[in-house]
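Subject: Structure handover

Hello,

Here is the structure you were going to look at. My notes on it follow below the model.

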Amino acid sequence: MSIIYSLVSCGSTILAEYTDKTGNFTTITQTILDKIPPQNAKMTYVYDRHLFHYIAEDGFVYLCMADEAFGRRVPFAFLLDVKSRFESTYKARARTAFAYGLNRELAPILKQQMEYYSQNPNSDRINQVRNEIAQVKDVMVQNIEKVLERGERIDLLVDKADNLNQAAFQFKKSSTKLKRNFCWQNARLTIIIVIVVAVILTLIILLATGKI
């Protein structure tokens with residue numbers, strides 16, 4: 001499993017390419033380049049047991065051919081690497097370059113990166129880490145959104161707590177007033193009972209002494 005062929009082109013004009021294999025894949029590649037639409041895109045073409053992957057951006061095409069069993073993740077990681085190196089060094093003068101005008105400079109880079117992504121298992125691990133970092137960013141954003149939602153719910157609970165506190169205060173105030181009313185009523189009833197008892201005792205004493 002490996003990357004067999006790669007190139008960088010401006011439109012359908014190949015600026016640089018590299019392969020250490022023989023075959024008709026260069027003819028198929030040129031056909032693909034002629035059919036790539038002008039807008040930015042990422043695409044994979046299937047041919048026999050091989051896959052042609054490309055990234056088209058800003059008028060340039062970064063393309064490679066790999067074994068079907070090699071999958072898509074590593075080849076696209078390779079293409080993104082080549083794209084980054086190309087843009088940082090060659091893009092400014094690439095639009096006016098002739099066909100294969102950058103081959104002498106770019107072909108060794110293509111070879112080096114093809115060997116790295118084809119043979120070094122860490123290349124896939126690096127890409128996996130990048131994907132995991134991207135997923136973690138998404139998760140963190142989701143977590144932040146959940147925290148914000150939770151904050152809104154906390155605010156609502158705080159509002160409800162304030163309402164409950166006010167209701168409890170009103171209830172306490174009403175119950176205190178009601179308690180005072182009961183106490184006053186009890187006091188009046190006690191006074192009335194005391195007066196009635198006093199009157200009865202007075203009558204009994206008067207009757208007993210014959211004053212009545």
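Buried, as used here, means under 20% relative accessible area, exposed means over 50%, and partly exposed is in between, with a 1.4 Å probe and protein chains only. This is a predicted model, in which local features need pLDDT of at least 70 and side-chain atom pairs count only at pLDDT 80 or more, while totals for chains, interfaces and linings use all residues. Residues are numbered from 1 along each chain as its sequence is written, and side-chain values use heavy atoms, with hydrogens and water left out.

Overall layout

The chain has five helices and five strands; helices (H or I, at least four residues) and strands (E, at least two) are DSSP runs, numbered from the N terminus. In order from the N terminus, the elements are β-β-α-β-β-β-α-α-α-α. Of the 212 residues in the chain, 26% are buried. Taking contact to mean heavy atoms within 4.5 Å, 53% of the contacts between residues at least 6 apart in sequence join residues at least 24 apart.

The sheet

Five strands form an open sheet in the order E2-E1-E5-E4-E3, with antiparallel pairing. Two strands are taken to pair if DSSP finds at least two bridges between them. E2 and E3 are the edge strands with a single partner each, so one side of each has no neighbour in the sheet. From one strand to the next, the twist averages 15 degrees; axes are lines fitted to C-alpha atoms, for helices over the stretch in contact, and angles run from 0 to 180 degrees between N-to-C directions.

E1 and E2 are antiparallel and joined by six bridges, and Val8 has Ala16 in E2 as its bridge partner. The two strands make a hairpin with two residues between them, and Gly11 in the turn has a positive phi of about 65 degrees. Seven bridges link the antiparallel strands E3 and E4.

Thr44

Thr44 is in E3, and its bridge partner in E4 is His53. The side chains of Thr44 and His53 also make a polar contact of 3.0 Å. Such a contact is a pair of N or O atoms within 3.5 Å; within protein, one must be able to donate a hydrogen and the other to accept it, and residues adjacent in sequence count only if both atoms are side-chain atoms. A polar contact of 3.3 Å joins the side chains of Thr44 and Arg72. Beyond its neighbours within four places in sequence, Thr44 touches Leu51, Phe52, His53, Arg72 and Phe76.

Helix H1

H1 lies across E1, E2, E3, E4 and E5, at about 40 degrees to E1. Phe25, Ile28, Thr29, Ile32 and Leu33 are its buried residues. Viewed down the axis of H1, they fall within an arc of 140 degrees, so they line one face of the helix; the arc is that of the directions from the helix axis to the C-beta atoms. Exposed Thr27, Asp34 and Lys35 sit on the face turned away from the buried side.

Helix H4

H4 (residues 103–119) has 17 residues and spans 23 Å from first C-alpha to last, close to the expected 24 Å, which is 1.5 Å times one less than the number of residues. Its buried residues are Leu106, Ala107, Leu110, Gln113, Met114, Tyr117 and Ser118. These too fall within an arc of 140 degrees seen down the axis of H4, so they line one face. The face turned away from them carries the exposed residues Arg104 and Gln119.

Regards
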